[in-house]
Amino acid sequence: MKVLKFGGTSVGDYKNIKSVTDIIESYIKRKEKIIVVCSAMSGVTDALIETAMKASGKDEGYRESFVKIKGKHLTTASRLIPADKRTKTNDYLKQRFAELYEIFKSLYTIGELTPKTLDEIMSYGERLSCFIIAETLKSRKIEASFVDARELIKTDEQFGNAKVNFETTNSLIKERFKKSKEVPIVTGFIASTVEGITTTLGRGGSDYTASIIGAALDADEIEIWTDVNGIMTADPRKVRNAFPLRAVTYEEAMEMSHFGAKVIYSPTMLPALQKQIKIRIKNTFNPSFRGTLILPREPQIQFNMKGISSIDDIHLLQVEGSGLIGIEGISSRIFGALASAKINVLMITQGSSGHTICIAVMPSVSKLAKKAIENELKLEIYEKQLKKVEVIENLSMIAVVGEDLLNTPGVSGKVLFALGKNGINTIAIAQGSSQLNLTMVIRKEQLKKALNVLHESLFISEQKNINVFLAGPGNVGSKFIDLIVKQHENIINNMSINLRFVGLADSKKMLFDEEGIDLSNWKELLKKSGQKSNVRKFIERMKELNLSNSIFIDATSGDLFVPYYNEVLSSAISIVTPNKTANSAPYKEYKNLIETAHKYNSEFRYSTTVGVGLPTIDVIRNLIESGDEIIAIEGMFSSTMNFILKEFMNAGMKMSEIILNAIKSGFTEPNPRVDFSGEDVAKKLLILIRETGKEYELNDIDIKPLLKLPPKGAHSFIAEHIKKYDSHFDKLRDRAIKAGKELIYMARYDRGKSAVGLELIDKTHPFYGLSSKEKIVAFRTRFHYEHPLIIKGHGGGPAAAAAGILSDVLKISKYTIK
Ligand SMILES: Nc1ncnc2c1ncn2[C@@H]1O[C@H](COP(=O)(O)OP(=O)(O)O)[C@@H](O)[C@H]1O
Ligand SMILES: N[C@@H](CC(=O)OP(=O)(O)O)C(=O)O
């Protein structure tokens with residue numbers, strides 16, 4: 001037999017309740033015996049409390065709040081139960097809401113709200129939801145019955161947080177479920193005293209109900225169905241990279257929940273632990289996922305998993321004074337005073353000097369705690385041995401939890417180092433009240449950062465998080481983003497590299513998100529949430545963020561960012577670019593960048609600047625690393641020139657027409673002059689020559705332009721101008737056809753000399769017969785002289801460029817970033 005508990009979010013609206021009834025149905029189909037415990041619909045317990053406060057505070061608004069609660073339940077019931085089967089439910093809801101309204105009305109009249117009345121009011125949440133769920137199941141022909149847990153779970157009179165009388169409770173539960181055939185839908189959270197006065201088991205207490213019932217009946221398993229995939233390494237709402245744990249011990253679960261992990265209520269573990277019943281956390285919205293098992297520690301299982309929890313808002317009480325050293329049993333006196341005031345102490349630490357004791361408590365009780373301590377120590381305070389208790393506000397508490405925490409050397413060091421390195425000051429630290437946790441108090445505004453920093457250092461340390469900044473999400477840049485969206489999971493799984501886009505800028509807007517921009521929606525985010533784009537500010541912000549493992553991708557076609565490359569590289573941020581401006585600049589400037597990168601452990605990579613997707617630069621680097629020497633390079637690396645010459649040879653058109661078409665359809669560089677002047681090809685050759693280790697300038701290359709475009713002028717002017725080349729090209733074509741040759745715009749380098757220009761090649765040349773989409777390069781080296789090493793392939797277009805950029809990024813991530 002299993003006990004299944006569905007939390008507030010699982011029964012939060014009619015759609016979710018449908019998922020719950022599907023899950024219940026699947027158990028019935030498998031003929032598994034189950035008892036179901038449900039919470040109030042999410043938000044209802046809070047809404048009931050709020051309405052009660054309003055009414056007792058003489059705020060007329062309570063009526064409106066009441067109507068909202070009522071409406072929510074009536075709508076849900078009407079969506080789930082067909083009208084002809086809803087009479088019983090409608091009657092039940094009407095009666096309960098009539099009673100509830102009477103209670104609120106009397107609160108309004110009396111102007112007072114006692115914990116006892118509040119428990120009565122809160123009980124309606126679970127009673128209403130469970131009744132609706134039971135009736136929904138019945139309407140789906142599943143035998144179900146509504147069970148009010150107040151008849152089964154008996155407690156003391158500690159309203160709001162009542163203590164269970166297990167003896168009576170266990171026998172009532174056994175008796176009630178002895179021979180129940182239908183599926184019981186039991187109200188979570190609520191109970192009653194032996195006299196029948198309603199009590200509650202503490203906020204989040206429905207989990208506890210499930211465990212009490214499970215333990216009383218020796219259930220095979222207790223399943224807590226919620227809205228996450230299990231107990232995660234941290235609260236997924238605060239730490240985006242949190243992941244579900246396969247299993248935790250009862251103690252670990254208790255500790256995590258005590259320190260803020262809302263996913264399970266900490267007392268839940270006790271009845272289960274006593275009977276050694278496994279608890280499984282499951283996701284109602286992803287039922288096939290395995291979830292997390294909570295189980296006893298077994299020697300054969302290595303419990304190296306841990307979690308990080310936090311309590312967002314705490315106060316720290318500081319007892320300070322030289323007198324502390326001499327006062328015997330001071331801690332136990334403070335504890336005693338707080339215990340008799342029924343104050344839950346979250347943490348207590350004593351400074352190494354012995355001059356201060358810090359006590360962490362919830363803000364709601366800090367005044368009371370201050371009073372209790374000052375009262376206990378009034379003599380010492382009067383005699384000025386101690387100062388008055390100081391209350392520090394706006395603090396948060398983080399607990400790192402794990403069975404093997406204390407046996408694992410270096411955990412505390414790692415935690416403190418990670419926090420310190422990221423500028424997070426720990427105000428107090430304690431090795432927990434149990435042996436399972438390390439607890440720290442920090443400033444509230446640093447909580448999110450601290451949680452993420454710790455999570456990264458404790459759980460994802462094998463995984464490298466790479467922070468990517470990208471400028472220019474145009475043709476190539478946006479293809480790169482698409483590629484990352486597709487490959488992200490694979491890259492994490494296969495290489496343990498998590499590429500996270502932290503900064504993005506186009507010409508209008510720029511956007512930063514330290515935790516990673518949601519790439520599925522980047523265009524809209526940039527448009528809506530981005531600030532006005534500014535190159536200087538982009539660089540500043542990138543440096544300011546000071547994130548380790550950063551890579552800047554300059555995917556812009558202009559030279560706006562180039563003046564900042566040196567500054568970027570010297571901030572230990574690597575650069576990847578398909579832009580030729582910097583690596584074809586005067587040698588001194590280029591060399592300076594390479595040296596800066598070397599000095600600051602960053603990298604400057606530009607593998608797509610020659611041949612786009614063809615591995616030209618990488619091949620040179622590999623050859624040189626393996627002791628080879630590049631003697632000569634021959635290449636055709638301009639898609640534009642290749643396309644134009646092939647069209648010219650095959651389509652029988654005039655050269656001027658072909659060129660004008662190419663310019664019009666955007667098949668050239670933004671400034672077409674750099675293509676036809678041969679400058680673009682020459683720059684590519686220059687880049688390769690420099691890779692061979694030579695100090696080389698653009699001027700050293702003999703450039704023979706294909707033709708010269710006028711330096712300025714409108715389209716019609718260019719058209720007129722280039723027509724005068726037509727007869728020259730017609731003659732060339734005739735010559736080539738007659739001789740069985742091809743026209744090719746070649747780049748050559750041989751032992752220091754270099755040239756780019758138009759050539760005629762015959763059938764015996766390895767570049768003969770190249771298709772209009774191909775590129776080719778041949779390297780003659782010491783080892784490949786007679787038979788050059790030839791690389792030939794498609795190599796063009798934004799998708800190939802994006803793949804090349806990714807390859808550069810991954811190389812940096814793998815080899816440069818430690
Ligand atoms: N370590 C953690 N693992 C999983 N969830 C956590 C953790 N810490 C906090 N949570 C939060 O607990 C929530 C589930 O608890 P709760 O909202 O009470 O669910 P339910 O409505 O099912 O009772 C999750 O949505 C998650 O935000
Ligand atoms: N409804 C109660 C009890 C409970 O356990 O709810 P949930 O399962 O939604 O945490 C509360 O809000 O405290």
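What separates Arg 541 and Glu 544 in helix H18? About one helical turn: the two are 3 residues apart in that helix, which spans residues 535-545. Helices here are DSSP runs of H or I with at least four residues, strands are runs of E with at least two, and both are numbered from the N terminus.

This is a predicted model, where local features need pLDDT of at least 70, side-chain atom pairs count only at pLDDT 80 or more, and totals for chains, interfaces and linings use all residues. Residues are numbered from 1 along each chain as its sequence is written, and side-chain values use heavy atoms, with hydrogens and water left out.

Arg 541 and Glu 544 form a salt bridge, with closest N and O atoms 3.5 Å apart. The term means a side-chain nitrogen of Lys or Arg within 4 Å of a carboxyl oxygen of Asp or Glu. Arg 541 is partly exposed at 29% relative accessibility. Glu 544 is exposed at 54%. Buried means under 20% relative accessible area, exposed over 50%, and partly exposed in between (1.4 Å probe, protein chains only).

The structure holds 51 salt bridges. One of them joins Lys 5 to Asp 207, at 2.7 Å between the closest N and O atoms. Lys 5 sits in strand S1 (residues 2-6) and Asp 207 in helix H7 (residues 206-216), so the bridge ties together parts 202 residues apart in sequence. Lys 5 is buried at 7%. Asp 207 is buried too, at 3%.

Lys 387 and Glu 320 also meet in a salt bridge, at 3.7 Å from N to O. Lys 387 lies in the loop between helix H13 (378-382) and strand S15 (390-401), while Glu 320 belongs to strand S12 (residues 307-320), 67 residues apart. Glu 320 is partly exposed at 27%.

How values were computed
Chains are lettered from A and ligands numbered from 1 in the order in which they are written.
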